[in-house]
Amino acid sequence: MQTTRLTLELIRTVDESYPIIIGNDLAKETVELASHPDLVDRRVAIITDSNVVKLYGAQLEEAFASVERETNTFVFPAGEASKTRAMKEQLENQLIDAGYGRDSLIIALGGGVVTDLAGFVAATYTRGLPYISLSTTLVGAADASVGGKTAIDVPQATNLIGAFHQPKAVLIDLDRWVTLTDDQIRDGLGETIKQACIADANFFDALEDAFVTRGLSVAEFVRDDEIAELTARRNCLIKRDFVMSDVHEGNRRMCLNLGHTIGRALEAAMGYTMTHGACVAVGMNLQARWSVEFGYMTPEEQERLERLLLAAGMPTEIPAGVSVEQIMAAMTHDKKAKGGAIRFVFQKGIGDVMTFDNGLYARPIEQSDIVDFLRRQKERP
Ligand SMILES: NC(=O)c1ccc[n+]([C@@H]2O[C@H](COP(=O)([O-])OP(=O)(O)OC[C@H]3O[C@@H](n4cnc5c(N)ncnc54)[C@H](O)[C@@H]3O)[C@@H](O)[C@H]2O)c1
Ligand SMILES: [Zn+2]
């Protein structure tokens, strides 16, 4: 028998552009975006968590009701523990029971857990539904809401199962930040300071002015209209530019991982008892010290970073009780790099990152050298 070969030619060019809107009290704006001709005939499903629904659920429902658009709100228990296959299935079953079909629109109302989970539901429900993210946390503004990465966790790893599914719009509602706890704000500040370090010296200056010069507390920071707006805008611009240049996480998007190689390992070594943002702060500060050793940053630049982190109430050292061995075990587990070198992104001064051979934004470092560096950090007076 002759073998037959056919080619199904599918070279897709898709326009997945979407607006990012930063402002105050954006429930009405969300409804307007959902009234776009492509979305206006769709049944609206609001997906949110048990905390956010109490604070802002009614407001969003009323905004839709005011234009006589029916909504149903689907609520899951707040927290990372809900980012599971089981919770995704539960939400899908609820959508099925409520008769939601291909003509639906999902509104993700909440922080990163909501946008990741609801976004992933949207990615696969009837093979893909449009969704709009109405982000309510600083982590959302700094990182989670822009970029189209959606996912759930499994016991073996966080964010292991997911999809790239871009939202139709992202809204960053600054009014929502005032109900965040100090720790939740700091969680977002870790990523915020990182963005400034990799891409925006002026933004770094503004953060330094707020925390170091003016001595704002984190609660005052989110209530200061000017710096809050600037923070959301610069964060989104920086993330947008990295995503636009490298949507699927090749080389350039790697810069966003500054401080994360140590930060993520520390997070895992501590059994996720310290927030991601706080762990990234430690990772960034340590890597800045390393940058000084390699000649990529001046000692003064590293000191500015450390001063800013401390002024914002962020940790800057490996906490007592966490050993170098625990960090290394987590780092090599994460990287599946038993024995081999591990890649690190390094700051170049403030507001830029180093490029290495072949234009790569990360430099491999032998594990023995990492251990040596971390030991020296632990032994600091
Ligand atoms: N997709 C991405 O690119 C990306 C990037 C970074 C982080 N993430 C994910 O984001 C998640 C962390 O984000 P997060 O910190 O926003 O998590 P979250 O959604 O769990 O929010 C943190 C807590 O704050 C509560 N909350 C939310 N908004 C509030 C408000 N306005 N006032 C008071 N409380 C409020 C939530 O109920 C929750 O208890 C992680 O799961 C992480 O993996 C995703
Ligand atoms: Zn991060």
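Predicted model: local features only at pLDDT ≥ 70, side-chain atom pairs only at ≥ 80, totals over all residues.
A salt bridge is taken here as a side-chain nitrogen of Lys or Arg within 4 Å of a carboxyl oxygen of Asp or Glu. Applied to the model, the rule gives a count of 20 salt bridges.

The protein chain is divided into domain 1, covering residues 20–179, and domain 2, covering residues 182–378. To their contact, domain 1 contributes 18 residues and domain 2 contributes 25 residues. Taken over C-alpha atoms, the centres of domain 1 and domain 2 are separated by 28 Å. The size of an interface is often given as the accessible area lost when the parts come together. Here about 1800 Å² is buried between domain 1 and domain 2, and carbon and sulfur atoms give 67% of that area. On the side of domain 1, Leu138, Ala142 and Trp177 supply 29% of the area buried against domain 2, more than any other three residues.

Polar interactions also join the domains. One salt bridge is counted between domain 1 and domain 2. The side chains of aspartate 143 and lysine 239 also meet in a salt bridge, at 2.9 Å from N to O. Four residue pairs are in polar contact between domain 1 and domain 2, with both residues of each pair at pLDDT 80 or more. On the side of domain 1 that touches domain 2, the elements giving two or more residues are strand S1 (20–23), helix H5 (138–144) and strand S7 (157–164). H5 provides the largest share of this side, five residues. By residue class, the side of domain 1 that touches domain 2 holds twelve nonpolar, four polar and two charged residues.

Finally, there is the ligand site to look at. Around ligand 1 there are 25 residues, of which Asp49, Glu80, Gly112, Thr137 and Thr179 come nearest. In the side chain of glutamate 80, an N or O atom lies 2.5 Å from an oxygen atom of ligand 1. Glutamine 184 places a polar side-chain atom 2.9 Å from an oxygen atom of the ligand. With lysine 149 the backbone takes part: one of its polar backbone atoms is 2.8 Å from a nitrogen atom of ligand 1.

Technical notes:
Residues numbered from 1 in each chain as written. Chains lettered and ligands numbered in written order. Heavy atoms only, no water. Domains from an automatic or database assignment. Contact = heavy atoms within 4.5 Å. Buried area = accessible area lost by both parts, 1.4 Å probe. Polar contact = N/O pair within 3.5 Å; in protein donor to acceptor, adjacent residues only side chain to side chain. Helix = DSSP H or I, 4+ residues; strand = E, 2+ residues; numbered from the N terminus. Nonpolar A, V, L, I, M, F, W, Y, C, P; charged D, E, K, R; others polar. Near = heavy atom within 4 Å.
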